[in-house]
Amino acid sequence: MLKYINLRGQQLSPSQLRGVLPRAELDVSAALEGATKLIDEVRAQGDAALVAQAERFDGVTPTHLRVPKAELTAALETLDPKVRAALEEMIVRVRKASEAQVPPATTTTLADGAVIDQRWMPVNRVGLYVPGGKAVYPSSVVMNVVPAQVAGVTSIAIASPAQQACGGGIHPTILAAAELLGVDEVYAMGGAGAIGAFAYGVPAIGLDPVDVITGPGNVWVAAAKRAVSAVAGIDAEAGPTEILVIADDSATPAYVAADLLSQAEHDELAGVVFVTDSEPFAEQVNAELAAQAAATPHADRVRISLTGSQSAIVLVDDLEAACAVSNAYGPEHLEIHTRDNDATLAGITNAGAIFMGEYSPVPLGDYIAGSNHVLPTGGQAAHASGLGAYTFLRAQQIIRYDRAALAEVTERIQAIANDEDLPAHANAVALRAANDGA
Ligand SMILES: NC(=O)c1ccc[n+]([C@@H]2O[C@H](COP(=O)([O-])OP(=O)(O)OC[C@H]3O[C@@H](n4cnc5c(N)ncnc54)[C@H](O)[C@@H]3O)[C@@H](O)[C@H]2O)c1
Ligand SMILES: N[C@H](CO)Cc1c[nH]c[nH+]1
Ligand SMILES: [Zn+2]
């Protein structure tokens, strides 16, 4: 089912590894031009472009671009109680874990009367994207909204594509999740156009520009976030899902295969990579995968994902080499199924989230572990974090020096300022020293 890349007996550098590891042909860079055109349409034509894009890509005219409050209320009232209970548990766990992501304010005293405070300020307004193309993602409402609320953001807008199956409305479970969390600014708009609408605003529907845009999405959404990132802050690009599993022959083939399959069902562009030091075990997992893939409801999508250029089994000499492969790839999700999982973890540097052992599969993190499922893709785990309360916070330093503390460093400031040929800087402190008779 998965093709093999055999790296045994080779000592490759991280950049050489990146050259041979699988990646999707349609990546964010390739989608950038198309996404930018869709954003430009929204900038120029506002709501008319959003409606035209929904008709073109979602095959439906949105009933309203701005969802009326009554629809949100009705969606929660009619929500299946079991789904409501699951959402509520997810909210509780994600909120607890997100609260641990707010750094404390600090005060550092450098000398008498010389103090630097650091505080963490939430941004004012955010636009949160909730995907809704091949699947609908009420869980992403929770994963976006809860950390924003924990950070203290007061103005929250949500966007999700209009659904043909819902007659041009947003899927009711998404609306119910928004209502459960007390968010009532919800727009039926999807893809790159929705990201453009958040970044630049759409006055005709009362949508003001936001400071930060977060949330997962397909390659067009991820490209649009990159395109607007000079205008609004973004989280990681969080594009088509990826899973990389490191396993040795102590693991259970059916579990490894099921977890690989779980992420393949998101998108034909989903990346599925399995790294192992055991060829017989690789064959068992591949056979399991073929059997499970044939029987899964989204078999067509899964087959395209598993056989695409972005998916493979990578054979390595040992688990140290497996970690090197994983670090070079920088997966969104890394699962570790080895005899000594913590020893393997010690070799890992780059990953969006790490799932340890047979009983911590990725779908646990997708829904209810308490961790956030909005995670960096396309190798961005090398420099980016998953979504968290910190995504909505800015560190601000507050400088408090009194007269004596400034006098103590005046000479040093003058020395550096003059060396940089910035004498007005030197003068600003010299003036105070002169006034104080120093
Ligand atoms: N990395 C993460 O944290 C994470 C989390 C959850 C989901 N995901 C990913 O989110 C994605 C969800 O994708 P989806 O498609 O189901 O929903 P989506 O809402 O992201 O995308 C649907 C929208 O894409 C646009 N679109 C569709 N075809 C297009 C085309 N040819 N050109 C331009 N725009 C087009 C349309 O505007 C449509 O409304 C999947 O790839 C999934 O793997 C990622
Ligand atoms: N696996 C996705 C993150 O890449 C998140 C998700 C939401 N629903 C199901 N799965
Ligand atoms: Zn998932």
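## Cover of helix α2

The buried residues of α2 are covered by elements that include α3 (47-58), α8 (191-200) and α9 (219-228). Helices here are DSSP runs of H or I with at least four residues, strands are runs of E with at least two, and both are numbered from the N terminus. A residue is buried if 20 or more other C-beta atoms, placed from the backbone, lie within 10 Å of its own. In α2 this applies to Val28, Ala31, Ala35, Leu38, Ile39 and Val42.

The model is predicted: local features need pLDDT of at least 70, side-chain atom pairs count only at pLDDT 80 or more, and totals for chains, interfaces and linings use all residues. Residues are numbered from 1 along each chain as its sequence is written.

## Geometry of α2

Helix α2 spans residues 28-45, and its 18 residues reach 25 Å from first to last C-alpha, close to the expected 26 Å (1.5 Å times one less than the number of residues). A kink of about 30° is centred on glycine 34; the bend is the angle between axes fitted to the seven residues ending at a residue and the seven starting there. Just after α2, glycine 46 has a positive phi of about 55°.

## Domains and overall content

An automatic or database assignment gives domain 1 (4-24 + 240-370), domain 2 (29-237) and domain 3 (402-435). The C-alpha centres of domain 1 and domain 2 are 29 Å apart.

The protein contains 17 helices and 14 strands. Of its 438 residues, 47% are buried.

Terms used: Chains lettered and ligands numbered in written order. Buried ≥ 20, exposed ≤ 12 C-beta atoms within 10 Å, placed from the backbone. Contact = placed C-beta atoms within 7 Å.
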